[in-house]
Amino acid sequence: MKQQTVFLSEYRNQSSVPAWNGRPYYSLDAYLKETFGEKVYRLSLNAGLTCPNRDGTLHTRGCIFCSRGGSGDFAAAPTASITGQLNAAKSRIAGKTHCRKFIAYFQAYTNTYGPVSDLRRIFMEAAAYPDIVALSIATRPDCLPEQVLELLSELSRQIPVWIELGLQTIHDDSRRFLRSGFSLSCFTKAAEHLKERGIPVIVHVILGLPGETKSQMLETIDYLGAFGIDGIKLQLLHLLTDTDLYEYYRKHPFPLLELEEYCQLICDCIEHLPPEVVIHRLTGDGPKKLLAAPLWSSNKKQVLNRIHQAMRERGTWQGKYWDNHSWEGNYGRSLNTI
């Protein structure tokens with residue numbers, strides 16, 4: 001994912017705030033219009049796969065924040081074929097969008113966890129579907145063995161392939177609390193293997209984890225910026241009723257971010273991100289029937305409007321402070337030693 005907009009060095013001395021398709025950050029919408037010439041819509045899929053954190057390999061209850069739907073609560077049921085799911089998804093959105101191009105988004109559970117022959121079949125079926133212009137595949141960094149990497153490399157020569165890795169945080173204590181089951185070094189190696197093959201890496205980050213300070217959250221952002229990720233999804237920590245996190249919260253309440261606090265934190269994160277990183281998400285809205293807190297997160301439009309307003313009030317933009325960042329200088333650690 002290469003940005004076509006001017007980089008920080010080119011506008012450092014300009015008085016106006018730089019814009020990507022009218023916004024002071026490099027949104028997925030801007031990237032898609034640059035790349036495909038028009039608006040593109042994601043269609044969420046459920047490939048019927050599972051996860052090593054659910055099938056007993058590592059655990060049986062998944063990550064502590066993960067719902068029974070495997071973070072694919074907006075994806076279709078796995079009983080339908082990939083083609084059937086895509087047909088149904090296009091029908092559902094036909095009344096609200098005139099998009100002609102689509103991304104097949106393998107969202108639910110771990111989408112590289114299975115026999116390579118099965119993965120080849122489902123990915124190829126999606127790639128062959130009319131008007132699909134890219135595959136976005138959500139997975140875990142510990143589920144990318146060599147055979148799967150070779151399959152993804154083969155696919156990427158036919159159609160753009162993005163891999164979404166759920167890191168959430170670089171901090172060991174937080175990852176243990178989340179029950180993620182993999183190390184930061186595992187993530188780093190997986191991301192390096194993907195980038196060696198020219199496959200874009202999009203990273204999921206959760207903001208507002210219990211016990212994490214603002215400085216620690218920004219340390220995760222700085223780490224990913226220094227690593228050279230291609231895209232990021234910034235996600236508010238929210239509580240869904242069918243998760244172990246919700247049960248933990250009921251017994252051990254911890255503070256959740258308020259709307260204004262979250263919006264200001266998002267501005268901080270955007271300022272710390274390199275200007276070429278595509279921002280795929282600025283917030284998250286779990287299914288309303290499952291959302292326990294914070295309830296303000298259910299109004300996604302309101303949250304995005306407040307973030308945009310906060311950026312205008314600051315007169316800020318993506319990468320404003322990235323120029324002055326040095327991972328080793330600020331944190332005394334090398335990317336290769338973590």
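Modeller: Happy to! Let's start at G37, which comes just after helix 2 and takes a positive phi of about 80 degrees. Helices (H or I, at least four residues) and strands (E, at least two) are DSSP runs numbered from the N terminus. Please keep in mind that this is a predicted model: local features need pLDDT of at least 70 and side-chain atom pairs count only at pLDDT 80 or more, while totals for chains, interfaces and linings use all residues. Residues are numbered from 1 along each chain as its sequence is written, and side-chain values use heavy atoms, with hydrogens and water left out.

Helix 2 itself covers residues 28-36, and its buried residues are L28, A30, Y31, L32 and F36. Buried here means under 20% relative accessible area, exposed means over 50%, and partly exposed lies in between (1.4 Å probe, protein chains only). The cover over those buried residues of helix 2 includes strands 1, 2, 3, 4 (161-168) and 8.

Of these strands, strand 2 (residues 101-106) deserves a stop, as five of its six residues are buried. Strand 2 runs parallel to strand 1 (residues 40-45), and six bridges join the two; two strands pair if DSSP finds at least two bridges between them. L43, for instance, has A104 of strand 2 as its bridge partner. Strand 2 also pairs with strand 3 (residues 132-139), again in the parallel sense, over five bridges. Here F106 finds its bridge partner in I137 of strand 3. In the loop between helix 4 (116-128) and strand 3 sits D131, whose phi is near 75 degrees, a positive value in a residue other than glycine. With 40% relative accessibility, D131 counts as partly exposed.

T283 lies in the loop between strand 8 (278-281) and strand 9 (291-293). Its relative accessibility is 2%, so T283 counts as buried. Leaving aside neighbours within four places in sequence, T283 is in contact (heavy atoms within 4.5 Å) with L234, Q235, Y262, K300, V303 and L304.

Y262 and V303 also belong to the contact of helix 10 with helix 11. The axes of helix 10 (residues 259-272) and helix 11 (residues 300-314) come within 9 Å and cross at roughly 60 degrees. Those axes are lines fitted to C-alpha atoms, for helices over the stretch in contact, with angles running from 0 to 180 degrees between N-to-C directions. The two helices are therefore oblique to each other: angles under 35 degrees count as roughly parallel, over 145 as roughly antiparallel, 65 to 115 as roughly perpendicular and the rest as oblique. The residues of this contact divide into ten nonpolar, two polar and five charged. Ala, Val, Leu, Ile, Met, Phe, Trp, Tyr, Cys and Pro count as nonpolar, Asp, Glu, Lys and Arg as charged, and the others, Gly among them, as polar.

P294 is in the loop between strand 9 and helix 11.
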